[in-house]
Amino acid sequence: MLAELLLAVVYGLLLLGIHRKVIARIQKRPGPPIWQEVLHILKFSFKTTWVPATASGVLFVGVVIIAIAIWTAALLVVIAGGSLMILFGIYMLHKIVEHGFGLSSGSPYGKFGGVRSVISAASEIPLFVSVSVIALFTGTLMIDEIVAFEGANGPLLLLAPPAAIAMYLVILSKMPFGPFSIVESKELVSGYKTEHFGIWRAGLEVCNGLKTFVLLNAFVLVFIGALPLWLLLLLMLAILVSLSFVCALTPMLSPFDSVTVQMIITGLMLVYAIVVWVMI
Amino acid sequence: MIELEGAPLFTLEFGDILVYFTPYTASLFLLALLFTAIVVLSRPERQVEILFGTDACYAKDTSIEELRFRRFMSIACGLATMGAMVSGDVFDYTLFTALVGVTNVGIVAAVKSRHVQNAAFQYGIVALAGTLPLFGGAAIVVASTGTLSILRLAGGTAPGAPLLAKALLTLGVMGEGMAPFYAAKAEMFRAPGAPYVIMCSLSSLLIFLRVIEVVLVI
């Protein structure tokens, strides 16, 4: 388990580094090296750390531990072939973590990041629709059984492409520098994570690496099926590069537009889920 | 149920009234427990406000009376959320969910800010209105199936709950805590006292996650 956790963190951080690099190259900038996020963790781990005088201390520190814990649990669920329901729950709970990061420091920048996190809750609903459609097609939400179903019937990417698009959009909404990244936009400095620095920021970066790995890994497993490790990692990279293109070519939406677009996507996905339910 | 969230890990039955843990509900319960512990242990943050048009800023303090009341309501909210996570029957689930709605209003009602109290008042009305479909859904479940036990309904030993009951339960939970009424709560989150305010969003989220499980299995 420790080896898988280490692989997930390092590869997830490398993916985030590649994400920044691809965006920079599309925008004709040199960009940081792809291992920049790993360097960030090393740097933050050895920097002076303290808790701001205005912060709610226990919560300020507690959310960092909870963030790492929930995504470690998510990784365990994916590896063990557990229920997609748990993964869905963890994904939604990440909203609370962002919220906790933002509100705990007392900083107005963090607070507005936290409030934006709350109002963009609509971005989670397409994942629910995606999960529902998967359950309708396969009759199960256990990842190992979904993989077995795909072994017999072909990848869900071909059987239910709108559900795959919904999950793709969900991953997009969690990518940094994307059209829906309103919780950490530059007018809020770094949004919900503005006041977390030193070892706390290192912990947050570990969480981000894990989150990226788990979401992309789950996408490949659920919509394409079981693959050899090298092919799995390669496909995760390909999906990430496609996300980077979207992020590089799309401006960050205003909070109002971001929520409106997410609500429209949610509405369309709900219609699709109802159609699938009626037909099956 | 086994196909959706894994086999139950523990079951304690008193007829139709029961408690059970699956990997899914156990995860949600542990999170509610963890955040309730944080509420017990932590003091509220001091929100920093910037004076518009100047470089000056000041930190807001939370008075001891306000802190005590909000902490009490947050702990009550945490307990109600944990109750909703472990309830194995539809009636107790709706009861705890309604309690979550009431305590959420209580958490912010003590804040001496007109904007926050307005938002809390409006949310309170929505939460009250939400109890009607919530309990109506539970009533239809028991009237049409003869049981309130989620395990019996999931196991196929009782007829499945009608779609109307599932829709009413979901609508009720949305009224008690979740989207589309959720956006109105953004005003409430401007209140200082992060650990308490977070209990509002956490409890709303957890009861929403639980109702998804309930409507899928019954």
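**Salt bridges and cavities**

Tutor: A:Arg20 forms a salt bridge with A:Glu37, with the closest N and O atoms 3.0 Å apart; a salt bridge here is a side-chain nitrogen of Lys or Arg within 4 Å of a carboxyl oxygen of Asp or Glu. The pair links distant parts of the chain, A:Arg20 in helix H1 and A:Glu37 in helix H2 of chain A, 17 residues apart. Helices are DSSP runs (H or I, at least four residues), numbered from the N terminus. This is a predicted model: local features need pLDDT of at least 70 and side-chain atom pairs count only at pLDDT 80 or more, while totals for chains, interfaces and linings use all residues. Residues are numbered from 1 along each chain as its sequence is written, chains are lettered from A and ligands numbered from 1 in the order in which they are written, and side-chain values use heavy atoms, with hydrogens and water left out.

Student: Is A:Glu37 buried or exposed?

Tutor: A:Glu37 counts as buried, at 7% relative accessibility, whereas A:Arg20 is partly exposed at 25%. Buried means under 20% relative accessible area, exposed over 50%, and partly exposed in between (1.4 Å probe, protein chains only).

Student: How many salt bridges does the structure hold over all chains?

Tutor: The structure holds 2. B:Arg210 also forms a salt bridge, with B:Glu213, and the closest N and O atoms there are 2.5 Å apart. These two residues are separated by about one helical turn, because they are 3 residues apart in helix H8 (residues 194-217) of chain B. Both B:Arg210 and B:Glu213 are buried.

Student: Let us change topic. How many cavities of 30 Å³ or more does a search find?

Tutor: The search of the whole structure finds 4. On a 1 Å grid over the protein atoms alone, a cavity is a set of points where a 1.4 Å probe fits but cannot get out, and lining residues have an atom within 4 Å of a point. A volume is the space filled by probe spheres set on the points, which are joined across faces, edges and corners. The largest cavity holds about 130 Å³ of space.

Student: Which residues lie nearest the centre of the largest cavity?

Tutor: Of its 16 lining residues, A:Glu98, A:Ser173, A:Lys174, A:Phe180 and A:Val183 lie nearest the centre. Helix H4 (84-104) and helix H9 (161-174) of chain A are the elements that give two or more residues to this lining. The lining divides into 6 nonpolar, 5 polar and 5 charged residues. Ala, Val, Leu, Ile, Met, Phe, Trp, Tyr, Cys and Pro count as nonpolar, Asp, Glu, Lys and Arg as charged, and the others, Gly among them, as polar.

Student: And what is the volume of the second largest cavity?

Tutor: The second largest cavity has a volume of about 70 Å³. Its lining consists of 10 nonpolar residues, with no polar and no charged ones; among them are A:Trp71, A:Phe88, A:Met167 and A:Leu215. H4 of chain A gives the most to this lining, with 4 residues.

Student: One last point, on the backbone. What is phi of A:Lys28?

Tutor: Phi of A:Lys28 is near 60°, a positive value in a residue other than glycine. Most residues other than glycine have a negative phi. A:Lys28 lies in the loop between H1 and H2 of chain A and is exposed, with a relative accessible area of 80%.

Technical notes:
On a 1 Å grid over the protein atoms alone, a cavity is a set of points where a 1.4 Å probe fits but cannot get out, and a pocket is an open set with protein on both sides within 12 Å along at least five of seven lines; lining residues have an atom within 4 Å of a point.
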